[in-house]
Amino acid sequence: MVATLIVPGLNGSAEGHWQRHWARDHASASIVRQSSWSKPVLREWLANLETAIERAGEAWLVAHSLGCLLAANLARRPIASRVKGALLVAPCDLERTTRLHPGIIDFGAMPDTPLQFPTIAVGSRNDPYMAFEQLHRIAFFWGSDAVDLGYAGHINIASGFGRWEQGYDLFAALAAKADQRNVRRPAARPLEVLFGTLH
């Protein structure tokens, strides 16, 4: 069974977060650990993610918020060939996030390189960390399909997302997409937006 690596964002995912439920609900899933959840440094977080993928051999990624940017930073890394696909939930806008949390995030620039593995970007119309229009732009750059959850905040505990079974349906759609495309992505393509088809 291929491993699923859960990739949290800033401050990790607290008990009750849907990522914690995911790790408990699926025997193949585990959370990628970081030495400092409160002061993210891209090179350190990336090294830990790459180590986790190396140990797994190949893996699916299920990321949230800043964890989505971490996954996107694999675009130019050789280990990206070992990623079967990534579910990117509530990706954050780096500029907006650093304004909200000044002086603690060292994550370089917003990644905008197409990803070579299949991805679905799940967003919200009132996410304080990413404007809805920006979600569309970044999904286009990454080559991701986009799913609109409506007014769902940051898709975290604060916006009512504990165990999130719709996420499991989205993951199944990602796996089907990977099978159909033989885990190959084009360099760029028009954005495909899915509205309510995976509920």
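1. Conventions. The model is predicted, so that local features need pLDDT of at least 70 and side-chain atom pairs count only at pLDDT 80 or more, whereas totals for chains, interfaces and linings use all residues. Residues are numbered from 1 along each chain as its sequence is written, and side-chain values use heavy atoms, with hydrogens and water left out.

2. Salt bridges overall. The search of the whole structure gives 8 salt bridges, a salt bridge being a side-chain nitrogen of Lys or Arg within 4 Å of a carboxyl oxygen of Asp or Glu. Among them is the contact of Arg20 with Glu15, whose closest N and O atoms are 3.1 Å apart, and a network of salt bridges links Glu15, Arg20 and Arg24. Arg20 is partly exposed at a relative accessible area of 26% (buried means under 20%, exposed over 50%, and partly exposed in between, with a 1.4 Å probe and protein chains only).

3. Arg163 and Asp25. These two side chains form a salt bridge at 2.9 Å, N to O. Because Arg163 lies in the loop between β6 (145-148) and α6 (165-181) while Asp25 belongs to helix α1 (residues 18-25), the pair ties together parts that are 138 residues apart in sequence; helices (H or I, at least four residues) and strands (E, at least two) are DSSP runs numbered from the N terminus. Arg163 is partly exposed at 45% relative accessibility, and Asp25 is partly exposed at 33%.

4. Lys177 and Asp145. The closest N and O atoms of this salt bridge are 2.8 Å apart. Since Lys177 sits in helix α6 and Asp145 in strand β6, the pair ties together parts that are 32 residues apart in sequence, and both residues are buried.

5. Largest pocket. Its space is about 290 Å³, where a pocket is an open set of points on a 1 Å grid over the protein atoms alone, with protein on both sides within 12 Å along at least five of seven lines, and lining residues have an atom within 4 Å of a point. Of the 16 lining residues, Leu10, Gly12, His64, His154 and Asn156 lie nearest the centre of the pocket. The lining comprises 5 nonpolar, 11 polar and no charged residues.

6. Largest cavity. The search finds 1 cavity of 30 Å³ or more, a cavity being a set of grid points where a 1.4 Å probe fits but cannot get out. The largest cavity holds about 30 Å³ of space, and β5 (119-123) and α5 (132-142) each supply at least two residues of its lining.

Definitions and conventions:
Grid points are joined across faces, edges and corners, and a volume is the space filled by probe spheres set on the points. Ala, Val, Leu, Ile, Met, Phe, Trp, Tyr, Cys and Pro count as nonpolar, Asp, Glu, Lys and Arg as charged, and the others, Gly among them, as polar.
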